[in-house]
Amino acid sequence: MVTKDEGFFDHLAEGYQLVSRHTVMYPDCNTTNRLFGGRLMQWVDEAAGMFVRCTMASERVVTAQVDQLRFRRPTQLGELIEIYCKVTRFGRTSLSISVVVTNLDVSDPSAKRKKLETKMIWVCVDEAGKPCAYGSSGNATGEIRDN
Ligand SMILES: CC(C)(COP(=O)(O)OP(=O)(O)OC[C@H]1O[C@@H](n2cnc3c(N)ncnc32)[C@H](O)[C@@H]1OP(=O)(O)O)[C@@H](O)C(=O)NCCC(=O)NCCS
């Protein structure tokens with residue numbers, strides 16, 4: 001049972017959206033079977049990119065800044081992890097988000113502990129790579145069609 005200490009994470013209470021899950025496999029680990037920090041950063045960047053593309057309703061988005069990348073707990077081979085995102089600020093061409101990575105304990109899915117947290121700023125760009133306004137903030141949850 002995880003108590004609500006400093007590392008406890010209640011994504012519903014805090015307004016975060018689950019973006020992706022990963023199983024930590026051998027190629028993701030170092031020689032002591034711990035997850036590489038660089039692999040976790042790659043997963044965070046991918047998840048954040050998907051979240052931002054859906055939120056901005058744009059395929060052309062770039063990372064402008066990554067802040068306060070904090071690794072709070074190590075991750076072992078075989079663990080399941082989850083990546084959560086939420087918007088912290090809507091700008092004209094930019095979007096500020098908060099990202100949290102947690103463990104997933106399948107026998108107690110509500111007992112999430114933070115493994116990493118960071119803040120990112122993303123910018124919507126046009127074909128020339130120049131910042132441009134984004135219009136919609138849809139969340140890409142349309143119906144799934146058979147044909
Ligand atoms: C990000 C980038 C498009 C910004 O271009 P720019 O001409 O400096 O942009 P501007 O000064 O007009 O700012 C555009 C928006 O980004 C925000 N922004 C840009 N850089 C920022 C930074 N370092 N921190 C915070 N906000 C930033 C501005 O506040 C502004 O937001 P708003 O329109 O919502 O008010 C440009 O610097 C770039 O292409 N960088 C490389 C991106 C990249 O390769 N990322 C890694 C791979 S995706």
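Predicted model: local features only at pLDDT ≥ 70, side-chain atom pairs only at ≥ 80, totals over all residues.

Let me begin with two terms: helices (H or I, at least four residues) and strands (E, at least two) are DSSP runs, numbered from the N terminus, and two strands pair if DSSP finds at least two bridges between them. With that settled, we can say that β3 is joined to β4 by a hairpin, which runs through three residues.

Residues are numbered from 1 along each chain as its sequence is written.

The protein chain contains two helices and five strands, and from the N terminus on these elements follow the order α-β-α-β-β-β-β.

How are the five strands arranged in the sheet? They form an open sheet in the order β1-β3-β4-β5-β2, with antiparallel pairing. Because β1 (17–23) and β2 stand at the edges with a single partner strand each, one side of each is left without a neighbour in the sheet. On average, and ignoring direction, neighbouring strands of this sheet are turned by 25 degrees against each other; for angles like this one, axes are lines fitted to C-alpha atoms, for helices over the stretch in contact, and the angles run from 0 to 180 degrees between N-to-C directions.

Looking at individual pairs, β3 and β4 are joined in the antiparallel sense over nine bridges, and Phe-90 has Leu-95 in β4 as its bridge partner. β4 and β5 also pair in the antiparallel sense, over nine bridges, with Lys-114 in β5 as the bridge partner of Thr-102. Between β2 and β5 there are eight bridges, again in the antiparallel sense, and here Asp-67 stands opposite Lys-119 in β5.

Helix α2 (residues 37–56) packs on this sheet, where it touches β1, β2, β3 (80–90), β4 (94–103) and β5, and its direction makes about 135 degrees with that of β4. Contact here means that the C-beta atoms of two residues, placed from the backbone, lie within 7 Å. Several residues of α2 are buried, among them Leu-40, Trp-43, Phe-51 and Met-56, and the buried residues of this helix pack against β1, β2, β3, β4 and β5. A residue is buried if 20 or more other C-beta atoms lie within 10 Å of its own, exposed if 12 or fewer, and partly exposed in between, with C-beta atoms placed from the backbone.

Is Gln-68 buried or exposed? Gln-68, which is found in strand β2, is exposed, because 9 other C-beta atoms lie within 10 Å. Its phi is positive, near 50 degrees, in a residue other than glycine.

Finally, let us turn to the ligand. It is surrounded by 13 residues, of which the closest are Ala-64, Gly-91, Arg-92, Thr-93 and Ser-94; a residue is near a molecule or strand if its C-beta atom, placed from the backbone, lies within 6 Å of it. β2 (61–71) and β5 (114–124) each supply at least two residues of this shell, and the largest share, four residues, comes from β2.
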